[in-house]
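Subject: Structure handover

Hello,

Here is the structure I said I would pass on. My notes on what was found in it follow below.

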Amino acid sequence: MAGSVDENELGTRTGPPTGPGWGAVAVISSWPQSAVAWERAKRSLGAGVSTGLRASMKPHPLFFASGSGPRITDLDGNTYLDHVLGWGPVILGHAHPVLDDAVIARVPLGATFGAGHRLEYLAAESVLAAIPGTERVLWSNTGSEATQVALRLARAVTGRDRYVKMVGHYHGWSDSFLLGYRPDASGSMTGAGSLGQRRGARDEVSLVPFGDLDAAIQAATAPGADIAAVFVEPVLCNSGVLAPPSGYLEGLRRLCDEQGIVLVFDEVITGFRVAHGGAVERYGVQPDLIVLAKALAGGYPLSAIVGRGSIIDRVASGVVHAGTYNGNPIVLAAAMATMSVLAEDGIYQAFEERGSELADGFRAAITAQGVQGWVNHVGPVVQCSFGSRRGDSFEGFLAADQEFYDRVTVNLLRRGVFALPGGRWYLSTAHTAADVAETVAVFADSLSATLAEGPGPRELEVVASG
Ligand code: PMP
């Protein structure tokens, strides 16, 4: 029940027409149908959203009707160039015909069997062929599940309990992993990430700074450290898109070899994105286990634990890996289609080019406006932040002016570009050079509009404390 408002009726279209050249024409002033939907959603859905962060969208959460290629359309009929891309999974753009055809062909054959089917091993073979040095795959549904399976396997093969985690890295929302991700209200990085989290979880982890090999060595070799696994996002995508310092991943590999520790690359973002074989291919370092999700199935819910047979085969001897929906045939059909498109020639070269164009365009706009800011990118993942001078560390990322960035994202939205909060930008195979040029032009316009409306970015001196 939506009260007196008819949600099926489109509001007055306030948005711009789509396509190049619209920029000077129209700016969206309000989102009446999304506002109605938001009010209604809050009455039935916890917090009005399906995942917490979406509630913080400025000026209020938008509701979408459809997507096609690099663009999505909201309930008010406004179309945006989409750089959120489902927070990463939509790597082929929306409704890619190869992906759609694969899913549509599979749907009439049944939703799930709770038993074996061919796509389980066919899709696994595609993953193993794509990622160097991998021997086995386990299917799960989300990154948060898969990281827990990886930790459990590591504990089982080492007989140890604790793990090393890098500050600012995200490995899902579970009690074991939602630690040392963002500072709490007092600025401390050591508190629990959520109310209700198991109190003992903090004792199971040694937190160290990303890129500091000595700190990792100390944590792993301290008396009583009891370290089963080192977890790392090989590119710290969740906190600044920070590439690993030269020699760092190799150093972690050596440490784990010397200490009999399982090295886990969390490639939920980097997998099938920073190269066809993910960070393993890009940086040439072989972890024991890799966690994949997001890009793997082009927007359908699939994750995987991939790596050494001697570890993963422990699921046949005492390690429980379960899940009603594991290896769902429709989702695996989506994965096979996605991987087949991503295996085409030129995809990753184009990602490099589009990523550079986006990053260079942002830099030029920031310089032209004379504001303090920085831009990082690795392949098609770009980070843009304002207010701090340092884009080379997690501390620099924390020092960025998030309020200013939020104001920029509202201006982007008003001008037809949908961007994540926090400064990360995604690209899909559907984003052309012309799309990127349009995004850059809108960004420049939005930045100057934001500066005209109010104060520029503040230089914050937030420093993560241990
Ligand atoms: N690891 C990383 C690196 C991630 O970025 C995410 C999600 N953003 C996860 C794990 C958790 O994945 P999911 O949201 O599918 O549970």
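Helix α13 is a place to begin: the elements covering its buried residues include β3 (79-82), α10 (347-369), α12 (402-414) and β13 (417-418). Please keep in mind throughout that this is a predicted model.

The buried residues of α13 are Asp435, Val436, Glu438, Thr439, Val440, Val442, Phe443, Ser446, Leu447 and Thr450. The helix runs over residues 433-453, and its 21 residues should span 30 Å at 1.5 Å a residue; the C-alpha atoms at its ends are 30 Å apart, which agrees.

Domains

The chain is divided into domain 1 (32-82 + 346-453) and domain 2 (97-342). Taken over C-alpha atoms, the centres of the two domains are separated by 26 Å. Domain 1 puts 17 residues into the contact, and domain 2 puts in 19 residues. On the side of domain 1 that touches domain 2, the elements giving two or more residues are α10, β11 (373-378), β12 (381-386) and α11 (394-398). The largest share of that side, four residues, is from α11. By class, this side of domain 1 has nine nonpolar, seven polar and one charged residues.

The core

In the largest nonpolar core there are 124 residues, and Val230, Val262 and Val264 have the most contacts inside it. Helix α9 (residues 329-342) supplies the largest share of this core, ten residues. Both domain 1 and domain 2 give residues to the core, so it lies between them. As general background, nonpolar side chains tend to be buried together in soluble globular proteins.

What does Val264 touch, not counting residues up to four places away in sequence? Its contacts are Ala150, Ala154, Ala229, Val230, Phe231, Pro287, Asp288, Leu289 and Val291. Among these, Val230 is itself one of the residues with the most contacts inside the core, while Ala150 and Ala154 are buried residues of α4.

Is α4 largely enclosed or largely open? Twelve of its 16 residues are buried, so this helix is largely enclosed by the rest of the structure. The buried ones are Gly143, Ser144, Glu145, Ala146, Thr147, Gln148, Val149, Ala150, Leu151, Leu153, Ala154 and Val157. At 1.5 Å a residue, the 16 residues of α4 should span 22 Å, and the end C-alpha atoms are 23 Å apart, which agrees. Just after α4, Gly159 has a positive phi of about 70 degrees.

Helix α4 (residues 143-158) also gives the most to the shell around the ligand, with three residues. Of the 13 residues around the ligand, those that come nearest are Thr142, Gly143, Ser144, Gly172 and Val268. The shell has four nonpolar, seven polar and two charged residues by class.

Loops and single residues

His276 is in the loop between β8 (262-266) and α7 (278-283). With 19 other C-beta atoms within 10 Å, His276 is partly exposed; the cut-off for buried is 20 or more. Leaving aside neighbours within four places in sequence, His276 is in contact with Ala130, Glu281, Leu342, Ala343 and Tyr348. Trp374 is 98 residues away from His276 along the chain, and the C-alpha atoms of the two are separated by 27 Å.

Lys58 and Pro59 are joined by a cis peptide bond, with omega at about 0 degrees. Pro59 is in the loop between α1 (32-44) and β1 (64-68).

Positive phi values also turn up in residues other than glycine. One is Ala95, with phi near 50 degrees, in the loop between β3 and α2 (97-106). Ala95 counts as partly exposed, since 14 C-beta neighbours are inside 10 Å. Another is Lys294, with phi near 30 degrees, in the loop between β9 (289-292) and β10 (303-307). Why does Lys294 count as buried? Lys294 has 26 C-beta neighbours inside 10 Å, and 20 or more are needed to be buried.

Regards

How values were computed. Residues numbered from 1 in each chain as written. Predicted model: local features only at pLDDT ≥ 70, side-chain atom pairs only at ≥ 80, totals over all residues. Core = buried A, V, L, I, M, F, W, Y, C linked by C-beta atoms within 7 Å. Domains from an automatic or database assignment. Contact = placed C-beta atoms within 7 Å. Near = placed C-beta within 6 Å. Nonpolar A, V, L, I, M, F, W, Y, C, P; charged D, E, K, R; others polar. Expected span 1.5 Å × (residues − 1).
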